Amino acid sequence: MAPHVTRSPSALLSLLLALAVGPASRAQAPSDTPAQAPPVDAPAPVPPAGEPTAPPSAAPDAAPGATPDASDDAPLPTDPDATPPDEGPVEADQDTIDAAAEDAEFDESLLDAVLEEEERSGGPQRLRLGPVTVSVRRVDVFREGGSVATIEEEELRQLRTDDPTAVLQRVPGVYVRTEDGYGLRPNVGLRGTNPDRSSRMTLMEDSVLFGPAPYSAPAAYYFPLMLRMTGVEVFKGPAAILYGPATVAGAINLRTREVPDGSDGAIDLGYGTYRNRRMHLWYGASNRWGGFVVEGADLATTGFKEIDFADDADTGFHRGEYTLRGHLQTDEDAERFHRVELRLGTSFEDSHETYVGLSDADFREDPYRRYVATANDRMRWRRYSVALRHRYALGRELEIETALYRNDLHRVWDRIDGFANGPALFDVLNAPESPAMQPFYRVLTGQEASSYDPTMRTDDTLMQARNDRTYVSQGAQTRVVFDRRGERANHRLEVGVRLHYDSIARDHTLHGLRVDRPLTATDPDAVQLVRDGFAPEQETLNRARSLAFAAHASYAFERANLRVLPGLRTEVIRGELEDELADTRASNLQTVVLPGLGLQYTIRPWLAAFAGVHRGFAPVAPGQSGDVRPESTVSYELGGRVQDDARELYVELSGFFNDYRNLLLACGGSSGCAAASLDSQFNAGSANVGGVELLYSQRIGLPHGWKLPVRVAYTYTLGRFRDVADPGSIGAPGYQDARDGDELPYVPRHQAQAQLGLEGHGAEVTLRFAYVGTMRENATADDDDALLTDDAFLLDAGASYEVTRRIRLYVRGENLLNQQVVASRRPFGARPVRPLTAMAGVQIALGALSEPTTSAGTTDAGSTPEAESTSDARPTSGTESTSDDERSQEAEAPAPDSTPANGQR
Amino acid sequence: MKTMHLPTRSRRASLVLTPLLVTGMACGDGSTGTPIDPIPRRQLATDLATNVLVPTLDTFVQRATELEAALAAYDAAPTDTAARDAARQAWTAAIDVWQRLEVMQVGPAGASATVAGGLDLRFEIYAWELHNSCRVDGVLAGGTYVDTATLGVQPVDRRGLATIEDLLYYDGTTSRCAGNPTLLSTVVDLGQARASYAHVAGTLVRERAEQLRDAWAASGGDFLAEVSNAGLTSTVYDTAQAALNAFSDALFYVYEEVADFKLALPAGIAGCAAATCPGDVESTFAGRSIEHVRNNLLAFQQLFLGAAPGTDANGFDDLLVSIGQEQLATTMTNQIASAITLIDAVDGPLEQAVNDDAADVAALYQAIRDLGTNLKTTFVEVLDLQLPSAAAGDND
């Protein structure tokens, strides 16, 4: 049996007091991912200034204070027998320590030796002394000033979901409005922001904006496959100003796979209900001069919905993402270090998705039905991405990372958008039996044919939009991090600049479709959609482009128990819209300065309090009328953290308040906007959004090597209009009748997630309960007047078992209670969550395995093929990660057959 | 359903919805923030309902009853031209009154989904914008008009006053379903079928009219009490201002539907892909489109003045005067009268006038737009009223 390692907070503190940590060596520094924020489960309380802390080695593209993790890189290749660093972290203060004992009781003398070596070498390094591997890194100081959460790869693996909704909802304060049930295009909101198409979030992949055109068209119609991700970071509070363009609530950064040390890889194959297939393959190799990793992820399903009169029609999707990443680098031991990295990627989607849901009555009868009118709806897109990065480190105090990037996305969405001359689909499905709507409802559902007139398009002709959009997003960004540690105080300065250009070319046409059905048809199969024979209408033909310069600076000063973390961001944005139909050209210039301040005070070694304030901003899209103003907030947060490593306990409680000076709303297709008003923006006035976030996480040890991880996240949010700008004039769906005091739509007052697991002996079982309270779908003051989504209570479960050292079998089930709830009625009609689904699969490790050593027959997660396959993908290493799984590894010495993080032996 | 050449669907949608978007959800109250007027707003709303709406409704019920009787007689003698003419006259009498009620879609007449207290009854009685002659022919061919239970569950695009007009005035044997022009060939006695269909449709109109009247009556739904107790015990109107706003919203029918769709569309001023669109007039079969506009304006005038001209009653004009807006009251009163006068200048049925007397049609349209502009801006502003959503989104 693996020995259990117990470390009390006081022991950890003593340990850290003994540390004399210098800047990270370049060997550890390079990382193309942002440094690890405190994980969801356990950001560390802060040590007093002056206490030895690991030096910064932040990747230039990381957040200020981000420190490329020592464990980001593998154990030194000179020691093939090194034990992997993927055991759980021991976090104390801002430093994290990852210690893994292979087959022995934890020996502090060994650690002392490490510390001595650390001092001697002048920096935190991953050292190997016998069976112990220790790495030390510093957790980002700026981020510690605010609420930051990370979800590590092991957590993602344990979730075994391909839906970003389930992942992101683990973070208190994040709301996701589902749309298709699969999370193809999640609507993500944070701390009360409008979740529509995640347009108020700054979305990044490896610190590069991944939205199709974040400035010109912020609606995120592309969201990467979670299958490919190795970590998720969510920045809230003042840390948000480090990322733009939207700083209102926060930012999300998705981390992708790093080049492994040595050779490593994995295959994941799964198959489930609704012909849901899952394929994931990655393989990489490296030596000290360079390396590569190639990865492919492919998901497909025939869908869980059925189209009327076309039972066999496909309502699912097929998505694929493929990347190739490689780098060359100089000698890691040299004073000056360079690494050049190139990443190429391509993605595609072919989905039979629609914006049309169901009437409430139809939903209650069969939530997975689709009307015949949607039979031809289909989204197709392809995306190409390229990023070239250069990392440079000089000594231990200076690091620079520069990235050039370009993303191209072309999409065509054929979807029913409404009637030629009729009420909006939302209104039809909201009151389908009302006299005004019934004629249209009957056509939409195929109960009746569309009217036909050979000379003109009839009112009840269905109009299918073909929204063809071509996006370009490209730019260059650089971050410079300077870090100096003093005897009495520490200083850290980060400066970043970005020059970004993006554009969107819209070519939207409307085609007439008639529901063709003989008046006296008794054969249901006679119903079909046919083109009405008239020329399509050119609805939109324009091109918007934005050129944006952004710069930020952050300075972290720490002394005694206090950290002061001021930051500043500025954006200068020039937007332009060229409308070919109207033959007009409009441009606008926006300049904004966004200050922020974070404070953190360590009350006790296990207890810290933090507070922050920052100014939030979201730019106006090009082409809006002159009176449309950017979204502007002043956001506050206050909270505290408790961490007890001995009990593997972490609790964070925080409150936030966003003072919206102007709420900027967009009339988007995803919210049900009429084609004529598509992409218009509106000032909605001022609003207050406040709430409380709670995170509790504990890992309970059980006899015989079992672990019982428990995790609870809860968010309470209440947002109300304070002073609606020009009531009745807001053109965004759901806000037309907004009045002072009305509650904001699509922000659940209550949201909770609880997770309970059982791990040990190569097996793991996880239950996840997710609750999302009812949400308003229109701005109203009273529930009686509100259109409300249903309370959603979903239960997911997953289990896996290590069959051999290379093979792990898994099963997962989602929505096990088969809850059928209205998740949303936008854009047009009630939309369901995914029904009960199940999948079984196998994960096969490709990397070289270490020779098994004798143990008491106990394995832990770290020894599984799964862990093998993911270990080297921890760009900042498990040393700073405090996911449940990792802490399990920490607390429980690794099994003898544990695989090194880098795949080397 | 009519076929129209409208360039944008949003405007057409507003035609369907605007009468329904009488939310009446004003945020003020006579006791909480709204200026204290010499004429209490609750009282004004009550007066408008009592003096204008309910009497007009009573009249319509009477006309609907007479129409049903005339249609019954026609049903009994479908080949009797006199019976058909009597039915046409009865229809004209009924529709003339209903056109006034078109501008009074407050409470039960409005759409249940969007109007406070709405019961969808307006659409049950008259949904001209949804009328679909092909659907009417489908009902004829399918014989699904035999009784009110059968016809009453069918969509409103094939019943109501617009359908009765169709049945009384169109006697062709060619189906209006372009894809199936011989649809009516299976009907054995088309004249009888049309008369019977019209009779059943007339019965439904009468029933719905009575239902609407009863909804306002103290012996029925007593919606009048909802108005008179607005802000007190009303479960529909939280404030007195909300009740008055419901009447204000109803006035916007003239601004949106009359100006833009009853005039601008067929005249080719807006929304018509061709030079003119005479086929898109409201009264396609009976040729009474311009009279419908007249009745709409007369109703507007009654609501604004509180009664027909020359009768002293509380109206919006009195409220304006009481708060020092005499000039606006006078201006709008004159604009209404001017617009009504301009109707007389239009020569012939509207479907002809849009081509032969386009200048007068355009002048009428402009007069109504000018009136509507005052309604949309100064009127609602000085009275602290809310715009109906459709009007608010119209940026002209």
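Student: Which element gives the most to the lining of the largest cavity?
Tutor: β35(A), with four residues. Keep in mind that this is a predicted model.

Student: How many residues line the largest cavity, and which lie nearest its centre?
Tutor: The lining has 26 residues. Nearest the centre are T165(A), Q169(A), T178(A), L794(A) and V833(A). Elements of chain A that give two or more residues include α5 (164-168), β6 (174-177) and β36 (792-802).

Student: What volume does the largest cavity have?
Tutor: About 350 Å³.

Student: And the lining by class?
Tutor: It has 11 nonpolar, eight polar and seven charged residues.

Student: New topic. How many aromatic pairs are there over all chains?
Tutor: The structure holds 25. One of them is F235(A) with Y243(A), which is stacked. The rings sit 4.6 Å centre to centre, with 20 degrees between the planes.

Student: Is F235(A) buried or exposed?
Tutor: F235(A) counts as buried, because its relative accessibility is 0%. Y243(A) is at 2%, so it counts as buried too.

Student: What about Y355(A) and W413(A)?
Tutor: They form a tilted pair, 4.4 Å centre to centre and 55 degrees between the planes. Y355(A) is in the loop between β17 and α6 of chain A, and W413(A) is in strand β20, so the pair ties together parts 58 residues apart in sequence. Both residues are buried.

Student: Which charged residues lie over the face of W413(A)?
Tutor: R185(A) does, at 5.0 Å from the ring centre. R415(A) does as well, at 5.8 Å.

Student: Which rings link into a cluster?
Tutor: Ring pairs link Y182(A), Y274(A), F304(A), F317(A) and Y368(A).

How values were computed:
Residues numbered from 1 in each chain as written. Chains lettered and ligands numbered in written order. Predicted model: local features only at pLDDT ≥ 70, side-chain atom pairs only at ≥ 80, totals over all residues. Heavy atoms only, no water. 1 Å grid on protein atoms, 1.4 Å probe; cavity = no way out; pocket = protein on both sides within 12 Å on 5 of 7 lines; lining within 4 Å. Points joined across faces, edges and corners; volume = space filled by probe spheres on them. Nonpolar A, V, L, I, M, F, W, Y, C, P; charged D, E, K, R; others polar. Phe/Tyr/Trp six-rings, centres within 6.5 Å; stacked < 30°, edge-to-face > 60°. Buried < 20%, exposed > 50% of the residue type's maximum accessible area, 1.4 Å probe, protein only. Lys NZ or Arg CZ within 6 Å of the ring centre and 35° of its normal.
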